[in-house]
Amino acid sequence: MRGGDTTGLRAYNERLVMHALLQAGMLSKAEIARETGLSGQAASVIVNRLLDDGLLVKLDKVRGQVGQPSTPIAPNPEGAYSLGVKIGRRSVEAILINLLGEEMGASRVRYDAPLPEPTISTAIAQAVGLLGHLSPAARSRVVGLGVAMPDEIHAWSAELGLAPGALDGWRDADIGGAFARETGLPVTRYNDAAAACAAEMIAGHAITSRSALYIYLGTFIGGGVVIDGRLYRGEQGNAGAIGSMPTGPTNPAGPGASPGQLIHAASIFLLERELAAAGIDPSAALSAALADGSGERADAIFDAWAETACAELSRAVVSALSVIDFQEVVVDGFLPPSWRDRFTQRLAAAVERFNRSGLKAAPVLAGSIGPMARVLGAAMLPLKARFSPDTDLLVRSGMARDLV
């Protein structure tokens, strides 16, 4: 190893300590040494340095146990912050969280269409506004800004009822640069469904296996792939792009026609259209805030949409299970919890109806985060990148050394 790697290994060991404490909540120095595999002396020196940096705090001594009283060490909630922004096809959201992932502030603006210039301006204003609530000292502890958005937000203007080319401005938009200039923060962009999957992995409780297919029911359906306990993005970023799976006949309308995609069969924009056509406010129905007696009609419209959506989505799920041995399928989205649970049950039943000879069963489960999953994932991923030892930015896992 090159001499310069000493600094990297030291930083890696700091990440090991931070990760252990973020996972456990609090540990004594002896427990930190055991959890990380570091020597007692190395763990003590690193903990002291992180205490001086304000990333950790000492709690009251624990007495009444065998041996000397121990002093638990815990992450300092005010030791670091992260900002997340979700740019979607119907809304832009922003959230500020602390080191423990607790919400410090949030905002949301809905719109009919994600026109590039006003949408970016709105998103930046939200991010700057949340940062403005922090003191200068706290502002200096913001580790980064994550932006979650569809990879090709410009591609489906027709589905949103827009004129051709209305969203073309997204093609060349320097989103990261725009946010960086206005906030001064390092900016990382994520696929919105992958960010939602990350939120479920970090803060949720539905993904409990080392491999999972994650499905997010948004305006357009999307997904995430978990392999060996890690969010897998793929060499070209296509992993989890379940909405692009083809549906229907190969040649549905004669020569030159293209088959449909799952986006056109299992996305919430179709449900929104049906609700609006029936005179029901889609945003109220999707937030379970109907107050005009139209709940039963909305339920019936949802059930009809879910029946069609699950018929196509179940085929995609079985196809995915035949390629990768997923241990579970997790479904989340910005549906009300009761609708999400009914959708999940209907999807599980539709998967069961397929001939799955040769395939092991994989349970279909409801997610646990809900509508905030995408923006929460966008905020959590910069913290994960900063404080997790499992990163390619430093050294590979298993290479901790007593370098302090």
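Author: Start with burial: a residue is buried under 20% relative accessible area, exposed over 50% and partly exposed in between (1.4 Å probe, protein chains only). By that rule E93 is buried, because its relative accessibility is 5%. The model is predicted, so local features need pLDDT of at least 70 and side-chain atom pairs count only at pLDDT 80 or more, while totals for chains, interfaces and linings use all residues. Residues are numbered from 1 along each chain as its sequence is written, and side-chain values use heavy atoms, with hydrogens and water left out.

Now the bridges. A salt bridge needs a side-chain nitrogen of Lys or Arg within 4 Å of a carboxyl oxygen of Asp or Glu. That rule gives 13 salt bridges. In one of them, E93 pairs with R108, and the closest N and O atoms are 3.9 Å apart. Strands and helices here are DSSP runs, numbered from the N terminus: E of at least two residues for strands, H or I of at least four for helices.

Next come the helices. R346 and E307 join their side chains in a salt bridge, N to O at 2.6 Å. This pair also links distant parts of the chain, 39 residues apart: R346 sits in helix α11 (residues 337-352), E307 in helix α10 (residues 295-323). R346 has a relative accessible area of 24%, so R346 is partly exposed. E307 is at 41% and therefore partly exposed. Both residues belong to a network of salt bridges that links D299, D303, E307, R342 and R346.

Another bridge joins R356 to E352, with N and O 2.9 Å apart. E352 is exposed, because its relative accessible area is 52%.

V318 lies in helix α10. It is buried, because its relative accessible area is 11%. Apart from residues up to four places away in sequence, V318 touches V351, F354, R356 and L359. Contact means heavy atoms within 4.5 Å. From V318 to A195 the C-alpha atoms are 23 Å apart, across 123 residues of chain.

A195 opens the last stop. A195 is among the α7 residues that meet α12, together with D192, A196, A198, A199, I202 and A203. On the α12 side are A373, R374, L376, G377, A378, M380, L381 and K384. The contact holds 11 nonpolar residues, 1 polar and 3 charged. Nonpolar covers Ala, Val, Leu, Ile, Met, Phe, Trp, Tyr, Cys and Pro; charged covers Asp, Glu, Lys and Arg; the others, Gly among them, are polar.

How do these helices pack? Helix α7 (residues 192-203) meets helix α12 (residues 373-387) at about 70°, and their axes are 7 Å apart. Axes are lines fitted to C-alpha atoms, for helices over the stretch in contact, and angles run from 0 to 180 degrees between N-to-C directions. So α7 and α12 are roughly perpendicular.

Methods. Angles under 35 degrees count as roughly parallel, over 145 as roughly antiparallel, 65 to 115 as roughly perpendicular and the rest as oblique.
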